[in-house]
Amino acid sequence: MANLPKATIQGLPSLKVTSPDQIPEAGLQLEADVLVIGSGAAGAVTAYELARSGARVLVLEAGPHIPSSEFEEHAPTALETLYQDHGNQVNTTGDLAILQGKCVGGSTVVNAAACFRAPNQVLADWATEHGLENLSPEALRPYFERVERNLSVHQNEPHEVNYNGRLLIEGAKKVGIPASPISRNIRDCALTGHCVSGCKTDRKQSMLVTYLPWASELGATILSGTRAESFDVSGRRVTAVRAVATDAAGKEKPVQVRAGLVVVAAGAVQTPLLFQRNKIGNSSGQIGLNFACHPSLAVFGEHENDIYAWVGATLSAQAGDIENPLRGGYLLEAGMVGPVITSAWIDGGVGSEFVEFMQNSKKFQAAVTLIHDHNVGRVYLDGDRKRIDYDLDDRDFESMREALRGTARIYFAAGARRVYLPTTRKTTIESADQVDSVINGLQNGKHRYRITSYHPQGTMRMGADATKSVVGPNGLCHDLDNVYVPDASLFPSSLLVNPQITVYTMASYISDQILARA
Amino acid sequence: MRTKLYRRSFTKLTVLTGASVLVVPACRDDAVTPPNELTLTSDERDLFERFAEVFLPTDGSSLKPRAEVPVVDNIEHAFTLMDAPTLEQVRIGLKLFDYGAVLIGLHFARFVHLSAQRRLDYIKRWEDGLEIQRGISTVLKKLVCYGYWKDIEAGRAIGYQGPVSKAGGIASLGNAPMPSATNG
């Protein structure tokens, strides 16, 4: 087991992770009460909750274990080391970057710490359309409260709202759009602006510094760099999982785990692929379908004075109507990252105009948009290759246009002299009275926008009807007696808001369901 | 086998005009660069250099001089991070962009051989072009931006702070304490 620097802080739980280099060449044969595949938001919470009940828990994580002391606060390095496909995961069309963490702690290590509960309207839709009356706001409230308490979730204090965030709030109030400081899972934020490269000083309460060390402290075993590949199946039970650990020299070592219960929490892309690869659990034909991802656009507003939007909390404030996602509500989040991301988010032109754009980037007000998109995508295997089919639906494009319109209005109200839109060719709005004409002129289409997804979801749909869904209301797969899915893949429809709190909550809820059934 | 792979993928990209079908097979031998070759070919290095010259002209600006940043080497590093099918697609796109100037652009010369002004105009036409042209021009821009802004000092030249915790002596808080039994 690796000994990490943080473990030396007396009195705090330590995270012990076995790396592939520590596994013998002949491999390992292990037994556990519960095998958890994936160590991100869902896997970590489930591992802790079940370890807390006394179960012998084993966690397999495909990504590496990178202690926070090794984070470099440098986005290109973080993309390379902490993200799925080194940050190169895209849709089949190639015009949507889909960012997910691939490391011990998963996406929670590289997210921007924004915390929202699932909107009531979405939960009501899940009840009426998918038979999930058990997931009412009232039923989930104690679970939301528990994870929020455990993760130090709080609304940003005034000192955590940077100039960029204050501009969003001020502009939004002037045009009548609700706005406020955002809530985050963070303790004593050092305001470095490096959330998405991993929090080097352990202020962000990711799974790397919370539920995973807590599970570890309670005896859970965690293997990094170990990818689950195949299931041994007997009737309606998975009896063992075969995995491969790849060490630093590239040597592959077999790992076999026999477990009474299997929890697949590999995220909305990898979880369905694992089921598809093993051809199980899919009597409904729904595995991999219903992919949604909150396609997100960045918008910049250029001001006369310097703003340094990248200084301070990565996400500081929010605006929009998050209570009405099903009626076109959108969410804007004030935030900006360094120049690699800045230049990837927005096309600033070519030649001298691009140089001027980058020179002026410290004058940019910046925010990203989120919408409640429809579940029109699909994740599947094409031979051995992962495919993510997802193109922006025309209905969602209208929501996106509304979000862009709202952002531009806010920016001009806040004093911007120009607004940059996230098209693949430089597009600006030069004054408030041009907002409608420019936004109305935008068309949906492939490779027209620079779109990023931070929130894949929906590919293992939860529902009461086994013919229309993969996972039942308690998280158990309809077709299997001992396999649960607690990650974002089970969301029947997209949330609109950042999903981490809802994932933690669902994982807590499903853990209780598992224990109640045991 | 490699040639077969190359051609199969190429057919997916030929939603352009028929002209592209004529252009790409007429490229030099490295048109069939093995898709998993992780070093840039001389054609690819030329393309990125000529593209960066007009896309990111740092002379006379407050930006760090491009010549002091290993832009193309950094892009080569980015190639090592792509899986083979993605890399193959990118390479085909680069080829199409460079040689597309011959017939699609009606310049009768590769992009790398055009004057600076013509290169600039060519990029702008691709930004406004068909789906595949928009996609390829965006990939080129993103790669050049990655290659340049990967340099921490290039970021500092525009006021970006770069890494701060170590220099600022910000202490780690360590792992969070275990929740109390009553909290869960």
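## Chain B: an all-helix fold

Take the contacts in chain B (heavy atoms within 4.5 Å) between residues at least 6 apart in sequence: 69% of them join residues at least 24 apart. This is a predicted model, where local features need pLDDT of at least 70 and side-chain atom pairs count only at pLDDT 80 or more, while totals for chains, interfaces and linings use all residues. Side-chain values use heavy atoms, with hydrogens and water left out; residues are numbered from 1 along each chain as its sequence is written, chains are lettered from A and ligands numbered from 1 in the order in which they are written.

Chain B has nine helices and zero strands, so-called DSSP runs numbered from the N terminus (H or I with at least four residues for helices, E with at least two for strands). Along the sequence that reads α-α-α-α-α-α-α-α-α. Of the 184 residues in chain B, 52% are buried, where buried means under 20% relative accessible area, exposed means over 50%, and partly exposed is in between (1.4 Å probe, protein chains only). The accessible surface of chain B is about 8200 Å², with 56% belonging to carbon and sulfur atoms; these areas come from the Shrake-Rupley method with a 1.4 Å probe, and for residues only the protein chains shown count as cover.

## The nonpolar cores

A nonpolar core here is a set of buried Ala, Val, Leu, Ile, Met, Phe, Trp, Tyr and Cys residues joined through side-chain atoms within 4.5 Å. The largest one holds 172 residues, and the members touching the most others are A:Val57, A:Phe275, B:Phe48, B:Phe79, B:Phe97, B:Phe111 and B:Trp149. Helix 7 of chain B (residues 131-149) is the top contributor, giving nine residues. Both domain 1 (5-88 + 99-152 + 202-282 + 460-517) and domain 2 (156-186 + 296-372 + 393-448) of chain A give residues too, so this core lies between them.

Apart from this core lies another, of 43 residues, including A:Leu96, A:Ile371, A:Leu392 and A:Tyr411.

## Two domains in chain A

The bounds of these two domains come from an automatic or database domain assignment. Taken over C-alpha atoms, the centres of domain 1 and domain 2 of chain A are 32 Å apart. Their contact takes 25 residues from domain 1 and 24 residues from domain 2.

Between them the two domains of chain A bury about 1900 Å², 64% of it on carbon and sulfur atoms. Buried area is the accessible area (1.4 Å probe) that two parts lose on being put together, summed over both. On the domain 1 side, A:Phe116, A:Gln121 and A:Leu496 lose the most area to domain 2, together 36% of what that side buries. Salt bridges (a side-chain nitrogen of Lys or Arg within 4 Å of a carboxyl oxygen of Asp or Glu) between these two domains number zero.

## Where chain A meets chain B

The size of an interface is often given as the accessible area lost when the parts come together. For chain A and chain B, the buried area is about 5000 Å², with carbon and sulfur atoms giving 59%. Chain A puts 65 residues into the contact and chain B puts in 53 residues.

How many salt bridges cross the interface of chain A and chain B? The rule finds two. A:Arg425 and B:Asp128 meet through their side chains in a salt bridge, at 2.9 Å from N to O.

## Salt bridges within chain A

Over all chains, the count comes to 39 salt bridges. One of them pairs A:Asp247 with A:Lys253, their closest N and O atoms being 3.4 Å apart, and both residues are buried. Another joins A:Lys363 and A:Asp306 at 3.1 Å between the closest N and O atoms. A:Lys363 lies in the loop between helix 9 (352-359) and strand 15 (364-371) of chain A, and A:Asp306 in the loop between strand 12 (298-302) and strand 13 (315-320), so the pair ties together parts that are 57 residues apart in sequence. A:Lys363 is buried, at 16% relative accessible area, whereas A:Asp306 is partly exposed, at 30%.

A:Lys426 and A:Glu353 also meet in a salt bridge, 3.2 Å from N to O. This pair links distant parts of the chain, 73 residues apart: A:Lys426 is in the loop between strand 18 (418-421) and strand 19 (427-429), and A:Glu353 is in helix 9 of chain A. A:Lys426 is partly exposed, with a relative accessible area of 27%, and A:Glu353 is partly exposed with 28%. Finally, salt bridges with shared partners join A:Glu302, A:Glu304, A:Arg417, A:Arg418 and A:Glu430 into one network.
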